[in-house]
Amino acid sequence: SPKEETKIKLDEFSVENRQLRSSLIDAQTNLAILRSEMATLRQHYEDKCDELEWYIYILCHISIKHCKI
């Protein structure tokens, strides 16, 4: 009957809706994890840049002192 067919369709849509919501939650979770990893990598990169800048500063000063000797 049309009423039963409508109920079946509604049930199918409900299942699909739950699956889509679950997929959305998974995607949001993965995005949050990736953002966190990216922030960590960005911080490591900035730390390494600072470290490199310090080494360059020291090497330049050593080179200048060495050249004056």
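Biologist: Let's start with Lys48: is it buried or exposed?

Modeller: This is a predicted model, and in it Lys48 is exposed, with a relative accessible area of 53%. The label applies because anything over 50% counts as exposed.

Biologist: And which residue does Lys48 pair with in a salt bridge?

Modeller: The general idea is to look for a side-chain nitrogen of Lys or Arg within 4 Å of a carboxyl oxygen of Asp or Glu. Here Lys48 meets that with Glu51, their closest N and O atoms being 3.6 Å apart. Glu51 is partly exposed, at 34% relative accessibility.

Biologist: Why can Lys48 and Glu51 be about one helical turn apart?

Modeller: Because they sit three residues apart in helix H1.

Biologist: How many salt bridges does the structure hold?

Modeller: Three. Lys9 bridges to Glu12, with 3.7 Å between the closest N and O atoms. Those two are also three residues apart in helix H1, so about one helical turn separates them. Both count as partly exposed: Lys9 at 47% relative accessibility and Glu12 at 44%.

Biologist: What about Lys7?

Modeller: Lys7 forms a salt bridge with Asp11, the closest N and O atoms being 3.3 Å apart. This pair is four residues apart in helix H1, which again means about one helical turn. Lys7 is exposed at 51% relative accessible area, while Asp11 is partly exposed at 37%.

Biologist: What share of the residues count as buried?

Modeller: That's 0% of the 69. Buried would need under 20% relative accessible area. The accessible surface comes to about 6,800 Å², with 63% of it belonging to carbon and sulfur atoms.

Biologist: Which residues make the nonpolar surface patch?

Modeller: Trp54, Tyr55, Tyr57, Ile58, Leu59 and Ile62, covering about 640 Å². Trp54 is found in helix H1, residues 2-68.

Biologist: And how should I read charge on the surface?

Modeller: Check both the totals and the local clusters. The chain carries 10 positive and 12 negative side chains, and the centres of the two sets lie 4 Å apart. Locally, Glu46, Asp47, Asp50 and Glu53 form a negative patch. Glu53 lies in helix H1 and is exposed, with a relative accessible area of 55%.

Conventions. Residues numbered from 1 in each chain as written. Predicted model: local features only at pLDDT ≥ 70, side-chain atom pairs only at ≥ 80, totals over all residues. Heavy atoms only, no water. Patch = residues over 30% accessible without salt bridge, like charges linked within 9 Å, V, L, I, M, F, W, Y side chains within 5 Å. Areas by Shrake-Rupley, 256 points an atom, 1.4 Å probe, with all protein chains shown as cover. Lys, Arg positive; Asp, Glu negative; His and termini not counted. Charge placed at Lys NZ, Arg CZ, Asp CG, Glu CD. Buried < 20%, exposed > 50% of the residue type's maximum accessible area, 1.4 Å probe, protein only.
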